[in-house]
Amino acid sequence: MVVPIYEFSCLTCRHTFEVFGSYASRDARQVCPECEGTNTKAMFSTFAVMGGADVSSTSTAGGCACGGSCSCSN
């Protein structure tokens, strides 16, 4: 079972903390572990995925503005 992680910010003391739970826990008021206040707000969280595959870009064009590998002055 996968449980999402939600990030919250306490609007009273500005402490940021995470809560593991269901989607319903995101909408519920959370208790700040720092000041025990309930003036908290769910934050927009981002994530990164790191993989083992080698990612590369392939370009067939040269360094010329015309798209070829010529020596024009464009």
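The largest nonpolar core in this predicted model has six residues: Y6, F8, C10, F17, V19 and C32. A nonpolar core here is a set of buried Ala, Val, Leu, Ile, Met, Phe, Trp, Tyr and Cys residues joined through side-chain atoms within 4.5 Å. Buried means under 20% relative accessible area, exposed means over 50%, and partly exposed is what lies in between, with a 1.4 Å probe and protein chains only. β1 and β2 each bring at least two residues to this core, and β1 gives the most, with three. As background, nonpolar side chains in soluble globular proteins tend to be buried together.

A word on the ground rules. Residues are numbered from 1 along each chain as its sequence is written, and side-chain values use heavy atoms, with hydrogens and water left out. Since the model is predicted, local features need pLDDT of at least 70 and side-chain atom pairs count only at pLDDT 80 or more, while totals for chains, interfaces and linings use all residues.

Now step back to the overall layout. The protein has one helix and three strands, and from the N terminus on they run β-β-α-β. Helices (H or I, at least four residues) and strands (E, at least two) are DSSP runs, numbered from the N terminus. The three strands make an open sheet in the order β2-β1-β3, with antiparallel pairing. β2 (16–20) and β3 (40–42) sit at the edges with a single partner strand each, so one side of each has no neighbour in the sheet. On average, neighbouring strands here are turned by 35 degrees against each other, direction ignored; the axes behind such angles are lines fitted to C-alpha atoms, for helices over the stretch in contact, and angles run from 0 to 180 degrees between N-to-C directions.

β1 and β2 pair in the antiparallel sense over five bridges, and the two form a hairpin with five residues between them, where R14 in the turn has a positive phi of about 70 degrees. On the β3 side, three bridges join β1 (residues 5–10) to its antiparallel partner. F8 stands opposite F17 in β2 and opposite A42 in β3.

A search of the whole structure finds one aromatic pair: F8 and F17, stacked at 5.8 Å centre to centre with 15 degrees between the planes. Rings of Phe, Tyr and Trp (its six-membered ring) pair if their centres lie within 6.5 Å; planes under 30 degrees apart count as stacked, over 60 as edge-to-face and the rest as tilted. F8 counts as buried at 1% relative accessibility, and F17 is buried too, at 8%. On β2, F17 and V19 make up the covered face, whereas T16, E18 and F20 lie on the uncovered one.

What else does F17 touch? Leaving aside neighbours within four places in sequence, its contacts (heavy atoms within 4.5 Å) include Y6, C10, C32, P33 and Q30. Q30 lies in the loop between α1 (23–27) and β3 and counts as buried at 15% relative accessibility. Not counting residues up to four places away in sequence, Q30 touches F8, F17, V19, S25, G37, T38 and T40.

Zooming out again, 18% of the 74 residues count as buried.

Methods
Two strands pair if DSSP finds at least two bridges between them.
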